[in-house]
Amino acid sequence: MVEITPDGQREHSAGAGDDSSNEAQQEEEQAFPRAKRQRTQQPAAMALRGLYLETINRARLDFDFEKLCSVSLSNINVYACLVCGKYYQGRGKQSHAYFHSMNEDHHVFINLETLGVYILPDGYEVDDPSLGDIKYVDGLDSSMAASYDLNNKMYLPGFVGLNNIKANDYINVVVQALSHVKMVRDHFLLETSATGSELVDRFGMLVRKMWNRRSFKGQVSPHELIQEIANASQKRFRLGEQCDVSEFLSWFVNTLHRGLIKKRRSGRVRRCMLSAFQGELRVETETVLRRETGTNDALDQEEVVAESRLAGTHDAQTTITTTVTPFWFLALEPPPAPLFTDEADKNIIPQVPLVTLLAKYDGKTPHHSGSTIKRFKISKLPPYLIFCIKRFSKNNWLSTEKNPTIVNFPIKGLDMSEYTETGESARYDLVANICHEGRPGPGNGVYKVHLLSKGKDQWFQIQDLFVEEIVAQMILLAETYVQVWERVA
């Protein structure tokens, strides 16, 4: 029999008909005492651990800024409040995060290094499936499917805008271009451990944010990376002053390379930048000793060499040395713009094929520099070629001039075989194109970048936060400045 006690609990009376059921219940409790306790305690524990999770405000979260405590400005053991989005140090009873939880009644915090979520001031850790979007870091989706942010706006991972905080568009276009070099991108998506170089770590974090398929917003702020660039370059590239893209690209690639080999001396870490961009160039240097006449007049070097070779004499003494030097990118020099206007009193904008500029590296075209004549030939081609077209120069009054020459180039199938020593087959496709629009000088123009989405076979034009589709033919009309080519054959 079952009796109801005053406190509402059930008790079994000692009846003859209930002896068998009592014995069975006792045997079950003795056989499974631990499982029974776990069943009764599990719902209560789960309710306790999910007590404050409904207070999380995902719209206030922004992990793009530097990981510093908003009170002590320390970067050690920093936690982010998932209710208001502010950063605080520690979670002990004397920490700033603990005081914030007591004063503001905010209880959910995440460790920005370990991604552990804790409830303060109680101090216990929470592992709930609903927190997966906050702690999510994923690689590239090969299908290139579109994603949606918290505002239900569509964006394509890898093709997101970067904030122009203050004249940092030249940094944005370089970061966009490098993040679409497959060897560099894959390395930073897979290698998430600290390298010992703050610049490398912050660049890797930015690349992972750009390719994240579950971002809270469709743009990323490069604030942390820009701050470290200013520190690492000793204020050479600082916020608020627009600099030249080619100068920054050269410094950035070299600094990333030094930071990567700082961690270890073997494996993929050391070869990340080397394997992607570095090639070898054979330089033949011919030094000409000028011939002196009776009147002490010095003839032109090229005329001296030509006259001596035609006459079969050795009046012009020359010495030839050959060296092999590594390179990160190849500099191309467009022809000078015309000084006069056309019949309609408009400036003539010349056009030149890319192969004409590449004749510099055919091993035959001479290039004069002081008392030497140099000839260049590529001895080793890298998987990714970077061309830098020298559009800006200083005149006699030390002001910057821009060459508006339009360079005609193919989007796919650039043949580089005739510029190599071996003549091996080498074809490249364009993957990134950085162009400059506007007048020369800091702050007078803007930088844009064209990027190829291989999954959709679509080109995108990105200028800071503005991302738009563009047809391939429009790329040829831009004043291209830096190009990144990928070897396909």
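Reply: Helices (H or I, at least four residues) and strands (E, at least two) are DSSP runs, numbered from the N terminus. The model is predicted, so local features need pLDDT of at least 70 and side-chain atom pairs count only at pLDDT 80 or more, while totals for chains, interfaces and linings use all residues. Residues are numbered from 1 along each chain as its sequence is written, and side-chain values use heavy atoms, with hydrogens and water left out.

Me: How many residues apart are Glu198 and Arg202 in helix H6?

Reply: A salt bridge is a side-chain nitrogen of Lys or Arg within 4 Å of a carboxyl oxygen of Asp or Glu. The side chains of Glu198 and Arg202 form such a pair, at 3.0 Å from N to O. Both residues belong to H6, and their spacing is about one turn of the helix, namely four residues.

Me: Is Arg202 buried or exposed?

Reply: Buried means under 20% relative accessible area, exposed over 50%, and partly exposed in between (1.4 Å probe, protein chains only). Arg202 has a relative accessible area of 12%, so the residue is buried.

Me: How are helix H5 and helix H6 oriented, and what name does that arrangement receive?

Reply: Axes are lines fitted to C-alpha atoms, for helices over the stretch in contact, and angles run from 0 to 180 degrees between N-to-C directions. H5 (residues 182–190) and H6 (residues 198–210) pack at about 95 degrees, with axes 9 Å apart. Angles under 35 degrees count as roughly parallel, over 145 as roughly antiparallel, 65 to 115 as roughly perpendicular and the rest as oblique. H5 is therefore, relative to H6, roughly perpendicular.

Me: How many charged residues are in the contact of H5 with H6?

Reply: With contact meaning heavy atoms within 4.5 Å, Val184, Arg185, Phe188 and Leu189 in H5 meet Val200, Phe203, Gly204, Val207 and Arg208 in H6. Ala, Val, Leu, Ile, Met, Phe, Trp, Tyr, Cys and Pro count as nonpolar, Asp, Glu, Lys and Arg as charged, and the others, Gly among them, as polar. The contact of H5 with H6 has six nonpolar residues and one polar residue, and its charged residues number two.

Me: Which residues of H6 does helix H4 meet?

Reply: The axes of H4 (residues 169–178) and H6 come within 11 Å and cross at roughly 70 degrees. H4 is therefore roughly perpendicular to H6. The residues of this contact divide into five nonpolar, one polar and no charged. From H4, Val175, Gln176 and Leu178 take part, and they meet in H6 Phe203, Leu206 and Met210.

Me: In S5, what is the bridge partner of Cys81?

Reply: Two strands pair if DSSP finds at least two bridges between them. Strand S3 (residues 78–81) has both faces covered, with Val78 and Ala80 buried on one side and Tyr79 and Cys81 on the other. S3 pairs with strand S5 (residues 108–111) in the antiparallel sense over three bridges. The partner of Cys81 in S5 is Phe109.

Me: In the hairpin of S3 and S4, which residue takes a positive phi?

Reply: S3 and strand S4 (residues 87–89) run antiparallel and are joined by three bridges, and Tyr79 stands opposite Tyr88 in S4. Five residues lie between the strands of this hairpin, and the positive phi, near 85 degrees, belongs to Gly85.

Me: How many residues apart are Arg282 and Glu421?

Reply: The side chains of Arg282 and Glu421 meet in a salt bridge at 2.2 Å, N to O. This pair links distant parts of the chain, with Arg282 in strand S12 (residues 279–289) and Glu421 in the loop between strand S22 (414–415) and strand S23 (427–438), a separation in residues of 139.

Me: In S27, what is the bridge partner of Tyr428?

Reply: Seven of the eight residues of S27 are buried, so this strand is largely enclosed by the rest of the structure. Strand S18 (residues 384–389) runs antiparallel to S27 and is joined to S27 by five bridges. S23 also pairs with S27 in the antiparallel sense, over seven bridges. In S27, Tyr428 has as its bridge partner Arg487.

Me: Which residue forms a salt bridge with Arg487?

Reply: At 26% relative accessibility, Arg487 counts as partly exposed. The closest N and O atoms of its salt bridge are 3.8 Å apart, and the partner is Glu424.
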